Amino acid sequence: MLHIGPGVERMTMSNVCATRVMVTGGTGFIGSHLVELCLARGWEVVCPVRNVSALRHLAGLGAEVVSLDQLESAVTEGPHIQYVMHLAGATRALDYQGYRKVNVEYPRRLLELFSGLHTQHFPDKFVLVSSQAAAGPAGPDGTPVKESDPPRPVSLYGRSKLEAEQVAATYMDKLPITIVRPPTVFGPRDTDVLGVFRSARFRIAPRLWGPDRLVSIIYVEDLVRGILQAAVSPASAGETFFLANPEPVVWREFTVQVAHTLGYRAISLPIPVSAMKLVGMGGDLIGRFSGSPQLVRSEKVEEMKQIAWACSVEKAAGRLGWKASIPLDRAIAETGRWYRENGWI
């Protein structure tokens with residue numbers, strides 16, 4: 001169930017019936033939650049998809065679905081689209097070109113399309129949902145990275161998201177663009193943090209061997225409210241924002257908390273980095289031979305072994321008036337409840 005934030009409601013109530021938005025990636029984990037939130041506001045939502053017969057989480061929500069072949073006509077011939085929120089992307093690929101094709105060229109196509117419209121048809125805001133991976137990890141002391149810090153991605157995925165940000169920057173003199181960088185996101189329908197919940201059933205809380213690792217996280221409902229806040233806020237144009245919980249978690253403690261919230265007493269299981277590297281290499285080989293990139297692969301292990309993935313949310317609080325508001329224990333409980341009800345754990 002979505003919890004509608006009062007801040008978004010105040011800003012949109014006056015024009016709720018007239019608002020028309022485009023959400024790419026609507027079939028995905030985060031995108032489907034954003035579509036639900038927009039529809040709950042009474043907005044009209046257009047969702048471009050690659051395959052109109054494979055709608056996954058988007059099916060039955062009431063959004064207008066268009067194929068990529070219909071995208072240009074939906075933009076140029078349909079009613080005015082006020083907000084574009086671009087979430088479509090690849091989180092796994094076999095090589096950099098695989099990432100680039102989706103994470104760089106797709107947003108470039110959208111930006112070119114919208115910047116080519118007559119000015120009266122420009123969207124009020126184009127929100128590019130990037131990733132903390134574009135900025136890279138924090139330093140060894142755990143000091144949270146800020147939006148103004150020089151980016152240093154450590155994975156191919158992060159490099160592709162940074163390149164997408166750089167492409168977006170070249171259109172900022174034509175369109176009102178905002179870049180949002182989420183950290184680790186969890187919640188109903190997520191498959192990346194799902195493994196932590198599944199491990200809890202076996203009374204195991206896995207973590208990497210060595211020092212505690214700090215991770216900025218955010219519950220999906222808080223994130224989609226933040227994306228919407230970035231879209232409607234005049235102060236966000238031309239800016240980049242991290243959207244995360246106020247404080248990062250110690251990953252070891254988070255995995256134990258997940259188990260405890262689900263009703264299990266789990267043992268914290270340290271896994272040597274060397275063992276994870278071997279698993280990552282195995283994932284690389286399986287991906288190469290199967291043509292399907294695996295969840296655990298070498299670049300993912302490179303991200304996992306970083307000491308701190310911590311980011312500052314001061315700018316989002318100051319410029320957008322936004323902060324994550326759902327308590328962590330409640331977010332974990334709601335996620336676990338959804339997984340159980342849908343047979344995922």
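Trainee: Is Cys47 buried or exposed?
Mentor: First, keep in mind that this is a predicted model. Cys47 is buried, with a relative accessible area of 0%. Cys38 also counts as buried, at 0% relative accessibility.

Trainee: How far is the sulfur of Cys38 from the closest cysteine sulfur?
Mentor: The distance is 8.6 Å, and the partner in question is Cys47. A disulfide needs two cysteine sulfur atoms within 2.5 Å, so the pair is too far apart for a bond. Cys47 is therefore in no disulfide, as its nearest cysteine sulfur is that of Cys38. By this rule the count comes to zero disulfides.

Trainee: Let us turn to strands. What holds the strands of a sheet together?
Mentor: Strands of a sheet pair through backbone hydrogen bonds, and the pairing is either parallel or antiparallel. Take strand β1, residues 20-24, as the case here. β1 pairs with strand β2 (residues 44-49) in the parallel sense, over three bridges. In that pairing, Val21 stands opposite Val45 in β2. β1 also runs parallel to β4, and four bridges join them. There, Met22 stands opposite Val84 in β4.

Trainee: What do β1, α2 and β2 make?
Mentor: They make a right-handed β-α-β unit.

Trainee: How many residues of β1 are buried?
Mentor: Five of the five are buried, so β1 is largely enclosed by the rest of the structure. Check both faces: Arg20, Met22 and Thr24 lie on one side, Val21 and Val23 on the other, and all are buried.

Trainee: Which strands form the open sheet with mixed pairing?
Mentor: Three strands form that sheet, in the order β12-β9-β14. Its edge strands are β12 (249-250) and β14 (308-309), each of which pairs on one side only. Strand β9, residues 214-215, pairs with β12 in the antiparallel sense over two bridges. Val215 stands opposite Val249 in β12.

Trainee: How far apart are the closest N and O atoms of Asp192 and Arg92?
Mentor: They are 3.8 Å apart, and the two residues form a salt bridge. Asp192 lies in the loop between β7 and α8, and Arg92 in the loop between β4 (83-86) and α4 (96-103), so the pair ties together parts that are 100 residues apart in sequence. Asp192 is partly exposed, with a relative accessible area of 37%, and Arg92 is partly exposed at 32%.

Trainee: Which residue forms a salt bridge with Lys315?
Mentor: Glu239 does, with the closest N and O atoms 2.8 Å apart. Glu239 is in the loop between α9 (220-232) and β11 (240-242), while Lys315 is in helix α13 (residues 314-320), 76 residues apart. The charged end of Lys315 also sits over the ring of Phe241, 5.1 Å from its centre.

Trainee: What about rings: how many aromatic pairs are there?
Mentor: A search of the whole structure finds 10. To read a pair, look at the distance between ring centres and the angle between planes. The rings of Tyr99 and Tyr157 have centres 5.9 Å apart and planes at 55°, so the pair is tilted. Tyr99 lies in helix α4 and Tyr157 in helix α7 (residues 156-169). Both are buried. The rings of Phe197 and Tyr339 have centres 5.1 Å apart and planes at 75°, so that pair is edge-to-face. Phe197 and Tyr339 are both buried as well.

Trainee: Which residues form one aromatic cluster?
Mentor: Phe186, Tyr219, Trp251 and Phe254 do.

Key:
Residues numbered from 1 in each chain as written. Predicted model: local features only at pLDDT ≥ 70, side-chain atom pairs only at ≥ 80, totals over all residues. Heavy atoms only, no water. Pairing = 2+ DSSP bridges. Salt bridge = Lys/Arg side-chain N within 4 Å of Asp/Glu carboxyl O. Buried < 20%, exposed > 50% of the residue type's maximum accessible area, 1.4 Å probe, protein only. Phe/Tyr/Trp six-rings, centres within 6.5 Å; stacked < 30°, edge-to-face > 60°. Lys NZ or Arg CZ within 6 Å of the ring centre and 35° of its normal. Right-handed = clockwise from strand over helix to strand, strands pointing away.
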